[in-house]
Amino acid sequence: MFDFIPGDFLTTLTLLPLLGAIVVFALPGHKAQLARWLALGVSLVVLVMAIVVFVNVQTNPPGPDEWAYEYQVEWFPQLNASWHVGVDGLSATMVLLTALLVPLAILISFEITDRVPVHMALFLFLETGMLGVFVALDMVIFFLFWEIGLVPMYFLIYLWGGENRRYAANKFFLYTMAGSLGLLLATQLIGLSVGSFDIPVMLREWPAFTGQANTILGVNVDIAKYYALLGFAVAFLIKIPAWPFHTWLPDAHTEAPTAGSMLLAGVLLKLGAYGFLRLAIPLFPREWVVQRTLFSMDYNLASILGFLAVLGIILGALAAWGQDDFKRLVAYSSVNHMGFVVLGLAVAALMYGNVWARANSDWVLHANAAGIDLTSEEMRSQRLAREKVDTLYSVERFEADRHEATIALNGAVLQMFNHGLSSAGMFLLVGALYRKTHTRDLRRFGGLWDIIPIYGALLIFVSMASLGLPGLNGFVGEYLVVAGSVEFYMPYVLLSMVGLLVTGIYVLKAIQKVLHGPYNTEWAEYDRTHHKLEIDRREILALAPLAVLMLVLGLYPRLILDVINDGVVRFLGG
């Protein structure tokens, strides 16, 4: 299907928003309306192209060592870096999410009247940065687009944000740059070691790379790989953001303009989770699962990642519950919901290491990944380790574990997509109310249902989707993560239920504080004499595609889950 499309279709898809940004940026300031419609038009063209990519991957999923729409040309020969792009089921889903949310964010930004061409151009520039990360198959290209996405969001917050916008923008920039430093150093280490920055080459050669005499640059190879993994992991954890790397998020969300918050929560947070799937997990299968000891306690890095996930789920929910600022409440909810994504990633890291160890006949590592205790003698002998593994860990159990991990990772990727929809919808609704009332203080609202019934109905619908009500999209992803994680991290799953309970509390708190209680005469008078508080048609138009998808994916998640599953099975080798 779509065989007529040239091989560099992804290049066009990625760079078209950049070309549009240049044209929009060059428009004179008095051409505000032209800038708005031109930016929206470019983003809609990109959306159509993204749908084509997604449908093609759905009908013709790439094989184990293949990429859909793969295109590679020489770009930076001095570094052995090339322009190499391609997608699989995981990246095609994220490309679709990005292309869907950008035109909706641009439509919401029609309310901006200050420096409109610059504002619209920044959204298109940001879209190129986000798309580039998802399609990149070269680490230099990946890092370039990773950094490009930082710049337009910084200026969107800094120039069009709230009262404390400069503090929030600088904090966002510094946090992300700090993480990028480790990512850059680790990328250079791997690229120079294997002689290429091509991601497929890295994935093939780096996991088994031992350097010269088991050293890299004079450092023991195990130590070098351990710190390289930390460089990747910290950069991606900051972006997600996982606890305790999340503190930049509430400030950035609170001060960002509405459309900026929609894309920050809807797409930018997903870059970190995608980085784990594309790089941090497959490049370091051994490092995630090898057993380490601290204060007489055995652990592995996959279990640490799972522990951070649970803390994010619980503490993010508690922090959201404690907020009286409507936007900060929704911001902390992202930490809560993305915690389930991180839990799915922890399961994926553990199982990926398990699969890799078995495929490479590393029976000691295989025992570590499977949770089998070995004696000191067995730790020194692959033969003895294999005998114990064969006795205690049958092929049937291994395949059952891989099946459970597949369920968990499917849930994590689906949750990434679903959270992108619900978080963008929530921030849209918060921004719609703030634009008319000029306050986000939940204590000042209450009793608005009679004043804004359409807004109230939409707020309840989107809140229930975010909460995870069965029948809406938020339920499916979190359920799959929990169901698939039980076999691996039962204590973590049980603890995460505390966060799930508190999620219901803070969602109901927001609804009660805004809509229910005594009839609010203050806002009724304001609505009558100053500014209508009801949601307007443009905001409904921007929210409508999100609401439809929340319902459709809640009732029929296979619409995108089949594509995600192709990518997950390819990832875990099922």
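This is a predicted model: local features need pLDDT of at least 70, side-chain atom pairs count only at pLDDT 80 or more; totals for chains, interfaces and linings use all residues.
1. Buried here means under 20% relative accessible area, exposed means over 50%, and partly exposed is in between, with a 1.4 Å probe and protein chains only. At 26% relative accessibility, Glu111 counts as partly exposed.

2. Numbering runs from 1 along each chain as its sequence is written, and side-chain values use heavy atoms, with hydrogens and water left out.

3. Have a look at helix H23 (residues 537–555); helices (H or I, at least four residues) and strands (E, at least two) are DSSP runs, numbered from the N terminus. H23 has 19 residues and spans 27 Å from first C-alpha to last, close to the 27 Å expected at 1.5 Å a residue; the expected span is 1.5 Å times one less than the number of residues. There is still a kink of about 35° at Leu543, shortly before Pro545 (the bend is the angle between axes fitted to the seven residues ending there and the seven starting there). The buried residues of H23 include Arg538, Glu539, Leu543, Leu546 and Met550. The buried residues of H23 pack against helices H3 (89–108), H18 (395–437), H19 (453–467), H20 (473–485) and H24, where contact means heavy atoms within 4.5 Å.

4. H23 gives the largest share of the patch, four residues. Leu559 sits in helix H24 (residues 558–572) and is partly exposed, at 36% relative accessible area.

5. On to charges. The structure holds 22 salt bridges, each a side-chain nitrogen of Lys or Arg within 4 Å of a carboxyl oxygen of Asp or Glu. Arg435 pairs with Glu111, the closest N and O atoms being 3.3 Å apart. That pair links distant parts of the chain, with Arg435 in H18 and Glu111 in the loop between H3 and helix H4 (116–135), 324 residues apart. Arg435 is partly exposed at 25% relative accessibility.

6. Arg278 and Asp88 meet in another salt bridge (2.9 Å, N to O). Arg278 is in helix H11 (residues 258–280) and Asp88 in the loop between strand S2 (81–87) and H3, 190 residues apart. Arg278 is buried at 6% relative accessible area, and Asp88 is buried at 2%.

7. Arg386 is partly exposed at 42%, as is Asp390 at 44%. Elsewhere, salt bridges that share partners join Glu111, Arg435, Lys436, Asp536, Arg538 and Glu539 into one network.

8. Last, His253 in helix H10 (residues 248–255). His253 is buried, at 0% relative accessibility. Leaving out residues up to four places away in sequence, His253 touches Ser261, Leu264, Ala265, Lys327, Ala331, Ser334 and Phe427.
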